[in-house]
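Hi,

Here is the structure I promised to pass on. Have a look at it first, and then read my notes below.

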There are 2 protein chains.
Amino acid sequence: MNSSSLIAAMMELVGDANVIDAPSDMEPHLIDWRKRHSGKAACVVFPRTTEQVSKVLAFCNDNGVKVFPQGGNTSVCGGSVPDHSGQSVLLNMRKMNRIVELNPRNNSMTVEAGCVLADIQSAALEVDRLFPLTLGAEGSCQIGGNIATNAGGTNVLRFGNTRDLILGIEVVLADGRIWNGLRSLRKNNSGYDLKNLFIGSEGTLGVVTAATLKLFPKPHAIATAMLGVDTVSAAVDEGLKLQAAFPGELVGLELISQSEFDISLRHADNARNPFQKTPNWTVLVELAAATGTSEALAERLTDALSGSFDNGVVQDALIASNEQQRAELWGIRHHVTEANGREGMGLTHDIAVPTYRIPDFVELAGQALAEHYPAAVPVVVGHMGDGNLHYIAMFTHEYWANVADKAAVQLKLSHLLYDIAAGMGGTFSAEHGIGSLHVSEMGIYKDAAEIALMQQFKQLLDPKDTMNPGRVLPNQVAAQDH
Amino acid sequence: MNSSSLIAAMMELVGDANVIDAPSDMEPHLIDWRKRHSGKAACVVFPRTTEQVSKVLAFCNDNGVKVFPQGGNTSVCGGSVPDHSGQSVLLNMRKMNRIVELNPRNNSMTVEAGCVLADIQSAALEVDRLFPLTLGAEGSCQIGGNIATNAGGTNVLRFGNTRDLILGIEVVLADGRIWNGLRSLRKNNSGYDLKNLFIGSEGTLGVVTAATLKLFPKPHAIATAMLGVDTVSAAVDEGLKLQAAFPGELVGLELISQSEFDISLRHADNARNPFQKTPNWTVLVELAAATGTSEALAERLTDALSGSFDNGVVQDALIASNEQQRAELWGIRHHVTEANGREGMGLTHDIAVPTYRIPDFVELAGQALAEHYPAAVPVVVGHMGDGNLHYIAMFTHEYWANVADKAAVQLKLSHLLYDIAAGMGGTFSAEHGIGSLHVSEMGIYKDAAEIALMQQFKQLLDPKDTMNPGRVLPNQVAAQDH
């Protein structure tokens, strides 16, 4: 269908004010925040209700128009921008941003998909509750996108991925059918679990329009520490010890390599090194408790660390004694993405392995890098407690500018690292998802039976392949054979 | 296909020693433990490997033979016994009972489906770890059945349902395809979440043959208390307060009505009432922590309760000061199923509502019972922290023997109670599942769009309807229309 007919139809369905098609208006929606992925669309549609989403999807399905859903456009895998056809609808959810119900007695909150994560966090805190999903993009990402991608972040160790924080969802299917699965129950064993199939399916099976979220008691005591250790093995051993000692209170357990620590400081304004000398490896630890004082919690943490300090496993330990010091320690961690961007061209790999295999992964990955790309500095930052590392090969801007076939380097390097992870039962995408960037890895690293099952579900729920086509699954066409 | 050909084929596939067909041998497998549900089968097959399961399922699918999977046969919904055709295969998993890998460093354990839950718990404890799934049937139920039914129990508040304790599963599909989804990663965002669709699908989409389980640190400090309160509102308020105070440590929060408490004591050998007078409502509280002492934990619990004791919300509080006292308090809770069976004919309803609505549910349910079945005593026991009550209408054996149309009473009563739960956004099956018992409720209480989606999935994965037919979903035939 031609673009002007499509735009007119969309205006009819959602109102003229909720459709844009001027290139300059659409431009911010057609390129991702890191300027690495871009696409085109006939128009951007901003539905205001679930019924409007339903009408848009039904129309597009009937007319073979591809639909690309978009939240806060903070994907790092090209999952939030359309393809290059220019004939598609970009469905932006930001106008569906109401908090529908906030129920502290039930520790639940029902929100529309376009709510910004930080606004949800704030609304929970206002009623003395915690919504624990915490990640770098929280100021602009939307909960619908978090759900579509099963986002992770720094609190997963204690509270789980986004999947674990969702009591119920509302979904509009490719053909416009609405499934209202909004529930606020903790237990419900009545039939198949549909919710989890949609969570993490990245908009390829339908559009999440609302969700009921789990809330938790707001922590009133927090203890934060930064530990300096000589080896990654010592870091992991200490981390596993803390996990065993504080299973209900350990909320964060982050690992930072010396290279990453120094990069973060180098590109920060007014940041100082809290250590006299940057350790080989830094472990950032955070405990949180609903009751008691931060002082008492810090004391328990100090006690737990004392043995490792005495026997030399931990060389240095900084315990934040006030909120400012805590912010300073976390600041180094939170600043890494921006700092890496200034430092050079960092090729990031979002791998996970069983936590205790992290030292093996770091060693083998370091060897592979030294052998094949000696110009790259290994930079490591990650959610150690989840076995999830962001393993970055950092090239200088100058070096990278002179690389002739950049795509070939990226491909070869990533497969060197993904092969190492796969050899340990690991994954090539721990928390960032697939988007358009990792579709080819799906075909390489997932087993054929699993891909075939996924393709069957795609074919069942979106037989015309109008929902976020080209994302997540390889060989969409092959799927039609089932 | 005739029975003798079927039996010969099965013997060919799994070996003569792993097939039984004599009625006396089969009998224990054809009736459930409460003697409320029974069925027939051509034979009982005991596969020893995943490959044998695959061959059996492929053969049955090719030949239109129905397959009924069975674990420990402890379903309370008729989910573990076959239908009455006598032409089917009962697939019993108990010979697949190996612990494949126990990895304390990764806090994971991979087991075959036929492992008995208590054996898994013990194996974890031996390496100083906890597998937290805990329920009455743990001495005989199998992990495959727990996964198939997403079993609940008394630790759900802290550790979640079975679903939340599973890192990966292996499944044989209806057509014999094997999906090996055994993983031990905490994070893996690579494609659709297939695992959760099979968990809780009660063997209607395939057979779970193995699983990788999450382990947790073994608690070294435990504090247990029994609180006596006057009203169910006070019980819930106190429970919510404790949940807020001990989010990482509160593992159990059970509610027991005066009637249930007295029934449990009345039918126990050597049990004494720990209270001077049974309270109107009893709350059983348990805290567990990885470190510290039980004494210190009990002291913190006492401190947290003191305010409610002083202001009269809690009338009586017993804190167990040793393991024997703890066992005595839990004994009253664990004994209820057996005691209820001796007391009379108890019609149990496994409902859930949002926790804070429990007082409303108890009030409205009590009114309905008084109005329609004044002969029934309301007996309540449940997992208060999850909003999950086992609401039992207790008739004397004498009264029940004289009820002419027992099925009509059960149906009317259950719908009175399920309507009340549904009116609060609740469910008619919180943790026991659907089996054959609640199939009609699925058609009544779930919305049509949701049932249609479930039927689509069933049709996709088991188009010939050979896997546990007649369970979970209503109108299997209608599903064929999609």
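**How the two chains meet**

Chain B and chain A bury about 6400 Å² between them, and carbon and sulfur atoms give 55% of that area. Buried area here is the accessible area (1.4 Å probe) that two parts lose on being put together, summed over both. Three residues, B:Lys187, B:Asn189 and B:Tyr192, supply 16% of what chain B buries against chain A, more than any other three residues.

Before going on, a word on the ground rules: this is a predicted model, where local features need pLDDT of at least 70, side-chain atom pairs count only at pLDDT 80 or more, and totals for chains, interfaces and linings use all residues. Residues are numbered from 1 along each chain as its sequence is written, chains are lettered from A and ligands numbered from 1 in the order in which they are written, and side-chain values use heavy atoms, with hydrogens and water left out.

Back to the interface: 78 residues from chain B and 78 residues from chain A take part in the contact (heavy atoms within 4.5 Å). Of the interface residues of chain B, 100% are also interface residues in chain A, so the copies meet through the same surface.

How are the copies related?

**A helix pair in chain B**

Helices here are DSSP runs (H or I, at least four residues), numbered from the N terminus. In chain B, the axes of H1 (residues 3–14) and H3 (residues 50–63) come within 9 Å and cross at roughly 155°. Axes are lines fitted to C-alpha atoms over the stretch in contact, with angles running from 0 to 180 degrees between N-to-C directions. H1(B) and H3(B) are therefore roughly antiparallel (over 145 degrees) to each other. On the H1(B) side, B:Leu6, B:Ala9, B:Met10, B:Leu13 and B:Val14 meet B:Gln52, B:Lys55, B:Val56, B:Phe59 and B:Cys60 of H3(B).

**And one in chain A**

The axes of H8 (residues 232–245) and H10 (residues 294–310) of chain A come within 11 Å and cross at roughly 140°.

Cheers

Key:
Helix = DSSP H or I, 4+ residues; strand = E, 2+ residues; numbered from the N terminus. Parallel < 35°, antiparallel > 145°, perpendicular 65-115°, else oblique.
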